Amino acid sequence: MGKNVHTPEIKRLLEGIMCLESVEECYAFFEDLCTVNELVSLGQRFEVANMLKEHRTYNEVAEATGASTATISRVNRCLNYGTDGYDLVIDRLKSKRNSSTDLSVK
């Protein structure tokens, strides 16, 4: 069985993340929390998820992101059988971009 991520420590971490109010605050917090390699890996996985949701091929994703096929496969498995976390964030970002674009057009 896998490790349980629903711990008091992780809950406190996630509540702390929810207190961040800007991209600059996120940079400051995550640069303190993560190593550069950890943060780059997180960003890479998120970009892989975005590209897979756009129906890009593994080869296109690997070439554009530098991610291994193992990483791409893991992200794809999460998109198909996970807890919908990637979908939630990607869809909200897309909705936020669309609503800000709509406001700037008016």
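A residue is called buried when its relative accessible area is under 20%, exposed when that area is over 50%, and partly exposed in between, with a 1.4 Å probe and protein chains only. By that rule N50 is buried, because its relative accessibility is 18%.

Colleagues, a word on provenance. The model is predicted: local features need pLDDT of at least 70, side-chain atom pairs count only at pLDDT 80 or more, and totals for chains, interfaces and linings use all residues. Residues are numbered from 1 along each chain as its sequence is written, and side-chain values use heavy atoms, with hydrogens and water left out.

I return to N50. This residue belongs to helix α3, residues 36-53; helices here are DSSP runs of H or I with at least four residues, strands are runs of E with at least two, and both are numbered from the N terminus.

Let me turn to the salt bridges. The term denotes a side-chain nitrogen of Lys or Arg within 4 Å of a carboxyl oxygen of Asp or Glu. By this rule there are five salt bridges.

A salt bridge joins K53 to D91, with 3.8 Å between the closest N and O atoms. That pair links distant parts of the chain, since K53 lies in helix α3 and D91 in helix α6, residues 85-105, 38 residues apart. K53 is partly exposed at 29% relative accessible area, and D91 is likewise partly exposed at 39%. Moreover, K53, D87 and D91 are linked in a network of salt bridges.

Another salt bridge brings together E15 and K11, at 4.0 Å from N to O. Both residues are in helix α1, residues 8-18, and because they are four residues apart, about one helical turn separates them. E15 is partly exposed at 42%, whereas K11 is exposed at 53%.

The side chains of R56 and E54 also meet in a salt bridge, at 3.6 Å from N to O. R56 counts as partly exposed at 33%, and E54 as exposed at 52%.

Finally, the aromatic rings. How many aromatic pairs does the structure hold? There is one. The ring centres of F29 and F30 are 5.4 Å apart and the planes stand at 85°, so the pair is edge-to-face. Rings of Phe, Tyr and Trp (its six-membered ring) pair if their centres lie within 6.5 Å; planes under 30 degrees apart count as stacked, over 60 as edge-to-face and the rest as tilted. F29 itself is partly exposed, at 28% relative accessibility.
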